[in-house]
Amino acid sequence: MLHTALIITSQREYAQALRHELLRLGDPPARIDVELDALRATQLATQQYELILLDAMLESIDGLQLLLLIKPQAPRCKFVIVSDTTDEATRALAYQNGADLFLERPTTAEAFRSALEALEALFNPPPVTGPTLSADADTVVAIADIVQMFCLSGDSVLLAVRSQYQSGDIFIYRGEVYHAQYPGKSGEAAFRDMLGWNGGLLRTRAIKLTHTPPRTIETPYRLLLETAPGSPEVTAESAPIDGELVVVEAATPSDTATLAVMKEAPPRDDAAPVYFPDPRRRTGGETPLPRVNSHWMVNLSGDLLEGSQVSEPDRCAFITSFIFRKMADVAVALEVDYFNHMTLYGPHLQQVLVADNMGVRHAVFDTAWTTEEMRTEYVKWCCEQSF
Amino acid sequence: MIAAAFVSEEGKLLGWCANSVISADNLCFIAETCRSVLSANRAEQRPADMGVVAFGNRTLVFREGGHGLFMAYLDSPTNDAVLRWLFDQVGPILEAEGVKL
């Protein structure tokens, strides 16, 4: 049952119509606030709301960026992105940024009705009709087994996963793992992390998926489960018995204390290398890396994988990821594939970004001494490196 | 050239030409997206006023000036000489309309 909601939009008429419809959802009527100024919305205490409906494009700010900003302040709130366009890039970005639902802006009475049904389902998820799972139970299970079970049955569900300290979502669509996310991470990396939480024994709740989730994971689920670090090997013995969920002991329970020690790098007594990993160990091509101020590489989840002379790694990873996502939107608008490379010309600095389907490399050059040949050489160098 | 457009600072499409595949709305959206990339770079202390993006053999060129953002979508790769030539052609046309890139 809905009690409090906030609509953040630049469109007054739509806000009024939606507010009117949302008031019907609550009993007693819910409190529905409207904020037409996105910047002012950032000042609100968003944690007081159960539901926030946010336009993908606002007048003064990108709604998807605003989502990133306010989501951590209201972890219990459901976020719904409302967009005038339904392109896959925007949808994927919305889910990647933590949206619980992506909706096309309703403009007709029928569209409003469908939107309200989707919102109701968000608060009162229908039970899963899977072959063996009772969805209402928040049961401790071996997460790898549950994923395998839904994948085998070809089902489409959202698995809400909870450990003692963290929670996240795994989206399974038509028998494949499409997407995973938890605060701070998404994609395959998030999925692997979640399989390792609490030795793989987690509380889960399955919610029937009513929409196609974004696809950030391309690896087949079998491979994901086989290669997941710290996850138990999926065996026939660990399958559910007689339609009941059972707690399965991990075959090789991971010792989190040991892992914590192993993850920590040993102390260094020499100077840190300029590159990581060591370029001498690369098996790339013959093109030498041209002289650059700094360069780095991120994967498609926005994680910094390697770099050189990177002063603020988080900011570097963010800006690369931001540009890549923006250019992905442009590619969709132009109906072409993602960009191959991009050059930004500035008075003092030039930047070159080179993308493939695994990640993006980004280099910064000094405009004063950079030539076209150097930029071309960098693109060639990138192409010779294996992402 | 597949398309070209000039979008004011307020996001208004002041002039454009394109084949039937690309709509004016799309051009506006692309221009706004390119502008957000330049803006983000300014915030990162790496200001840039021009971008060239290669989508296979096609190239999107955008350049921001005091009056707005010019954008051209070309059906060919480019290099610095092509860019110089392009802006040698475009510059006087825009200047005749009171726009300096």
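The face of helix 1 of chain B turned away from its buried side carries the exposed residues Asp25(B), Ser39(B) and Ala43(B). Here a residue is exposed if 12 or fewer other C-beta atoms, placed from the backbone, lie within 10 Å of its own, buried if 20 or more do, and partly exposed in between. Helices (H or I, at least four residues) and strands (E, at least two) are DSSP runs, numbered from the N terminus.

This is a predicted model, in which local features need pLDDT of at least 70 and side-chain atom pairs count only at pLDDT 80 or more, while totals for chains, interfaces and linings use all residues. Residues are numbered from 1 along each chain as its sequence is written, and chains are lettered from A and ligands numbered from 1 in the order in which they are written.

The buried residues of helix 1 of chain B are Leu27(B), Ile30(B), Ala31(B), Cys34(B), Val37(B), Leu38(B) and Asn41(B). Seen down the helix axis, they fall within an arc of 115 degrees (taken from the directions from the axis to the C-beta atoms), so they line one face of the helix. An α-helix has 3.6 residues a turn, so residues three or four places apart point the same way. After helix 1 of chain B comes Gln45(B), with a positive phi near 60 degrees.

Between the chains, 26 residues of chain B are in contact with 28 residues of chain A, contact meaning C-beta atoms, placed from the backbone, within 7 Å. Helix 1 of chain B gives the most to the side of chain B that touches chain A, with eight residues. There is also strand pairing, which requires at least two DSSP bridges between two strands: strand 15 (residues 341-345) of chain A and strand 3 of chain B run antiparallel, joined by five bridges. Within this pair, Met342(A) has Val53(B) as its bridge partner.

**Strand pairs of chain A**

Here are some pairings within chain A, side by side.

| Strand pair (chain A) | Bridges | Direction |
|---|---|---|
| Strand 7 (residues 157-162) and strand 8 | six bridges | antiparallel |
| Strand 7 and strand 11 (residues 201-208) | six bridges | antiparallel |
| Strand 8 (residues 167-173) and strand 9 | five bridges | antiparallel |
| Strand 1 (residues 4-8) and strand 3 (residues 51-55) | four bridges | parallel |

Arg162(A) stands opposite Ser167(A) in strand 8 of chain A and opposite Arg203(A) in strand 11 of chain A. Further along, Tyr173(A) faces Glu176(A) in strand 9 of chain A. The hairpin of strands 8 and 9 of chain A has two residues between the strands, and Arg174(A) takes a positive phi near 45 degrees there. Strand 9 (residues 176-182) of chain A is mostly covered, with five of its seven residues buried.

**The parallel sheet of chain A**

An open sheet of five strands has the order 2-1-3-4-5 in chain A, with parallel pairing. Strand 2 (31-35) and strand 5 of chain A stand at the edges, each with a single partner strand, so one side of each is left without a neighbour in the sheet. Inside this sheet, Leu6(A) has Ile52(A) in strand 3 of chain A as its bridge partner.

Pro106(A) lies in the loop between strand 5 (101-104) and helix 5 (109-123) of chain A. Pro106(A) is partly exposed, with 19 other C-beta atoms within 10 Å. Leaving aside neighbours within four places in sequence, its contacts are Ala111(A), Phe112(A) and Ala115(A). Ser83(A) is 23 residues away from Pro106(A) in sequence, and 9.2 Å away in space, C-alpha to C-alpha.

Key. Two residues are in contact if their C-beta atoms, placed from the backbone, lie within 7 Å.
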